[in-house]
Amino acid sequence: MLQQLSIRDIVLIDALDLEFCSGLTTLTGETGAGKSILLDAFVLALGGRGDASLVRAGKEQGQVTAVFSLPNQHSAHLIARQLGFMSDQQIVLRRIQSSDGRTRAFVNDQPATAQALRAIGNSLVEIHCQHDDRALVDPAAHRALVDAFGGLLEQLSEVKDLYASWRSAMRTSVEEEARVEKAKLDADYLRHAYAELSSLNAQPGEEELLAQRRQFMQRAEKVTTDISDALAAFIADSSPAGEIAQTARRLERKLNSAPEILESPVRALASAVDALANAELALSQALNETAFEPAELERVEERLFALRAAGRKYNVSVEQLPHVTLKFADEIATLDASEARLMLLREASAQAQQAYFTAARKLSDSRQKACKRLNQLVDAELGPLRLDGARFMAQVSGDLQNSGPEGIDHIEFWVQTNPGARAGPLMKVASGGELARFMLALKAVLSDRGSAPTLVFDEIDTGVGGAVADAIGQRLWRLATRAQVLAVTHAPQVAARAGHHFHIRKGALAKSLNTGSSVVTRVAILDEGQRREEIARMLSGAAITDEARAAAAQLIKNSK
């Protein structure tokens with residue numbers, strides 16, 4: 001609830017510090033005493049539009065501070081924390097208005113924006129007056145009020161979760177579809193490249209082996225003739241190898257006749273014969289090794305050319321071609337799998353959508369029933385408020401095309417002010433006085449559900465009196481058992497029901513050397529006697545009679 005309100009240098013207010021209590025508090029005073037100024041200052045602290053004209057004449061700035069005491073679990077704390085402010089039990093909203101039009105805002109003494117101040121303020125205070133365009137007259141709030149009244153917050157939470165799941169599944173499906181479509185643009189290239197590389201079938205290390213083989217065959221071509229000629233020299237009839245072998249055999253047969261002479265030459269000739277035989281064998285082996293078909297070199301060179309051409313085409317080394325082949329195979333497999341996965345994602349998205357719409361339709365049905373109950377309860381409040389024949393209608397229109405986190409419904413409060421009159425939106429159809437009483441009837445029904453902890457009613461009793469004013473007072477008192485209620489009133493029947501009574505008046509500020517005499521707004525908390533005198537003034541006017549005092553005392557007694 002609102003605990004303190006401090007105002008400095010706002011219009012006619014020089015310095016004002018007010019303490020508030022729970023229950024019903026009324027603010028009374030003559031017209032022009034400053035009740036509207038007090039309310040304007042309060043609205044400024046709640047994030048309302050700033051205006052340089054609010055600053056008291058001759059001052060550079062004005063300031064308003066509102067202190068609220070709340071349970072830790074109240075939504076205002078949650079909003080404050082989400083906006084980055086430390087918040088625990090108390091919330092202090094402060095607004096400084098400069099005479100040049102600029103404003104500064106603070107939440108719990110931390111710099112804030114006016115938007116942040118407004119977001120928190122909206123969860124703390126509802127202000128209702130004849131010409132107010134906020135709170136209950138805002139269609140955007142009607143759906144939330146119906147959900148709170150109908151106890152549909154759990155259903156709403158389920159719908160929000162299902163909507164988030166549906167949108168997430170749909171985004172995933174759309175993103176996957178975009179990837180698949182992009183992959184399809186490359187699919188022909190991928191399949192062609194894979195087919196080409198698969199046909200080529202490059203093997204790891206193949207290029208090096210082929211290069212070595214080609215180099216060997218190119219060298220072999222150069223030495224084959226020389227090897228053949230050398231080998232021919234060994235097998236020709238004129239080969240010295242044969243003569244040397246014959247000579248070695250002749251000497252070997254005579255070795256026993258002169259061993260001391262022939263032993264050394266025989267061993268040398270035997271070595272020579274072995275060496276010549278080894279040379280002939282080596283030449284024969286070399287000739288066999290260099291033997292290849294002429295077409296083989298051509299095949300090797302063609303293979304090398306094909307491998308290197310593929311490497312250049314795909315901008316990789318020949319050694320990487322097998323890896324690229326596998327990569328293309330994986331991409332093709334991924335594309336095929338993506339198409340299958342896309343079908344599953346589309347199916348999941350469709351199922352999530354169906355689950356959302358099923359829950360949203362169920363919530364819509366519950367809202368229809370809640371609106372029917374709300375209409376009956378509000379209509380029951382209208383008669384005592386002198387709105388006989390009027391009807392309240394919470395209109396629900398469901399449209400699957402308007403689906404969102406809160407469901408498929410648009411809810412707007414309509415009224416019919418007289419039998420046979422055309423019904424229409426609350427803000428457009430009801431007059432100022434009717435609007436205030438419709439809002440009071442609504443708040444009487446909705447006060448324990450979806451209501452801010454502090455409710456402010458500004459002269460909603462204007463133009464009514466007697467039984468209607470008393471009915472308004474009764475409903476304000478009833479509201480005050482569930483929320484803190486502040487009522488600016490001219491009706492003695494309303495003032496008589498207050499637990500706390502502030503009197504607002506104009507007073508003279510002491511003369512100063514520079515400014516002379518000034519008029520300021522003063523606010524005083526009234527005791528029982530002062531309160532009875534003020535209610536008597538409200539009953540009789542400027543001249544307070546004994547009869548008015550007696551009537552005031554009776555009003556106070558009856559209200560208790």
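Asp9 is buried, with a relative accessible area of 17%; here buried means under 20% relative accessible area, exposed over 50%, and partly exposed in between (1.4 Å probe, protein chains only). The model is predicted, so local features need pLDDT of at least 70 and side-chain atom pairs count only at pLDDT 80 or more, while totals for chains, interfaces and linings use all residues. Residues are numbered from 1 along each chain as its sequence is written, and side-chain values use heavy atoms, with hydrogens and water left out.

**The sheet**

- Six strands form an open sheet in the order β2-β1-β4-β5-β6-β7, with antiparallel pairing.
- β2 (13-19) and β7 (110-112) are the edge strands; each has a single partner strand, so one side of each lacks a neighbour in the sheet.
- On average, neighbouring strands of this sheet are turned by 15 degrees against each other, direction ignored.
- Helix α1 (residues 35-45) packs on the sheet and touches β1 (2-10), β2, β4 (61-69) and β5.
- The direction of α1 makes about 105 degrees with that of β1.
- Strands are DSSP runs of E with at least two residues, helices are runs of H or I with at least four, and both are numbered from the N terminus.
- Two strands count as paired if DSSP finds at least two bridges between them.
- Contact means heavy atoms within 4.5 Å.

- β1 and β2 pair in the antiparallel sense over six bridges.
- Ile10 has Ile13 of β2 as its bridge partner.
- Two residues lie between the strands of this hairpin, and Val11 takes a positive phi near 50 degrees.
- Asp9 also has a positive phi, about 55 degrees, although Asp9 is not a glycine.
- Asp9 belongs to strand β1.

- Five bridges join β5 (residues 90-98) to β6 (residues 103-107), and the two strands run antiparallel.
- Arg94 has Phe106 of β6 as its bridge partner.
- Phe106 also stands opposite Pro111 in β7.
- The β5-β6 hairpin has four residues between its strands; Gly101 in the turn has a positive phi of about 100 degrees.
- β6 and β7 run antiparallel and are joined by three bridges.
- The β6-β7 hairpin has two residues between its strands.
- Asn108 sits in the loop between β6 and β7.
- Asn108 is not a glycine, yet has a positive phi of about 50 degrees.
- Asn108 counts as buried, at 19% relative accessibility.

**Arg104**

- Arg104 lies in strand β6.
- At 44% relative accessibility, Arg104 is partly exposed.
- Arg104 touches Gln61, Arg94, Arg95 and Ile96, leaving out residues up to four places away in sequence.

- Two packed helices are described by the angle between their axes and the distance between the axes.
- Axes are lines fitted to C-alpha atoms, for helices over the stretch in contact; angles run from 0 to 180 degrees between N-to-C directions.
- The axes of α5 (residues 153-200) and α10 (residues 321-382) come within 6 Å and cross at roughly 160 degrees.
- α5 and α10 are therefore roughly antiparallel to each other.
- Angles under 35 degrees count as roughly parallel, over 145 as roughly antiparallel, 65 to 115 as roughly perpendicular, and the rest as oblique.
- The crossing of α5 past α10 is left-handed; that is, the near helix is turned anticlockwise from the far one by less than a right angle, whereas clockwise would be right-handed.
- The contact of α5 with α10 has 31 nonpolar, 10 polar and 13 charged residues.
- Ala, Val, Leu, Ile, Met, Phe, Trp, Tyr, Cys and Pro count as nonpolar, Asp, Glu, Lys and Arg as charged, and the others, Gly among them, as polar.

**α4 against α10**

- α4 (residues 139-149) and α10 pack at an angle of about 90 degrees, with their axes 9 Å apart.
- α4 and α10 are therefore roughly perpendicular to each other.
- From α4, the contact uses Arg143, Val146, Asp147 and Phe149.
- From α10, the contact uses Arg367, Ala370, Cys371, Arg373, Leu374 and Leu377.
- The residues of the α4 contact with α10 divide into six nonpolar, no polar and four charged.
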